[in-house]
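Work through the exercises below with the sequence and the 3D structure at hand, and try each task before you read its solution.

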Amino acid sequence: EQLRTRYPTLRFLSGEIGVFEPDGGVLVPERAVEAQLRVATRAGAHLRFGTVVRQWEPVGDGFEVLLDDGAPISARTLVLAVGPWFAEALGVPLRIQRNVQAWFRPAPTAYSAGRFPPFLLERDHFPAPLYGFPDFGDGVKAAFHAHGAITTPNELERAIDPARDLAPLAAALEEWMPGTAASFHSAKVCPYT
């Protein structure tokens, strides 16, 4: 009843309970990564993008790295930020899953940032828990957590199929947050690792 009072636009099922975390928040990953890269650069890091690490090995008190363009690099410290390619690069067993994230422009303003929190909703008839973030100006972001085909980073299907990828997501959002999926904005495929 407290959540119904706080968020009257939501549709709760009979017997559902919820937790409101007042200290929760949202971190914009792109801005966080940019900040980390600035700090690293100021500390003397040399950043390389759009290149493949072909080989790396410890040598003495540091590392030797060979890039796909043939450039050798020597470093005292090595940070491999290879995301889902970690399994391929280091032989670490990882499960890579195709996950679709979508943004919808909601009809009501009740779901805008500052008025509505991030959420995670588990219902038996959903294919996986539904999670999302309020509208920060580009729509409500939502996805099913850890739901999608198992793949590899190099074989990740990037094309969005509206019937397969968006319709179930829009239906779940409308059931939980009426008016949220009023207008589709955009979607992208993300490799869950």
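**Exercise 1.** State which pattern the chain follows when it is read along the sequence.

Solution. Helices (H or I, at least four residues) and strands (E, at least two) are taken as DSSP runs, numbered from the N terminus. Read in this way, the chain follows α-α-β-β-β-α-β-β-β-β-β-α-β, which comes to four helices and nine strands. The model is a predicted one, in which local features need pLDDT of at least 70 and side-chain atom pairs count only at pLDDT 80 or more, while totals for chains, interfaces and linings use all residues. Residues are numbered from 1 along each chain as its sequence is written, and side-chain values use heavy atoms, with hydrogens and water left out.

**Exercise 2.** Describe the aromatic pair that tyrosine 7 and phenylalanine 116 form.

Solution. Rings of Phe, Tyr and Trp (its six-membered ring) pair if their centres lie within 6.5 Å, and planes under 30 degrees apart count as stacked, over 60 as edge-to-face and the rest as tilted. The structure holds 10 aromatic pairs. In one of them, tyrosine 7 and phenylalanine 116 are 5.3 Å apart centre to centre with 80° between the planes, an edge-to-face pair. Tyrosine 7 lies in the loop between α1 (2-6) and α2 (29-42), and phenylalanine 116 in the loop between β4 (96-105) and β5 (119-121), 109 residues apart.

**Exercise 3.** Decide whether tyrosine 7 is buried or exposed.

Solution. Buried means under 20% relative accessible area, exposed over 50%, and partly exposed in between (1.4 Å probe, protein chains only). Tyrosine 7 has 10% relative accessibility and therefore counts as buried; phenylalanine 116, with 6%, is buried too.
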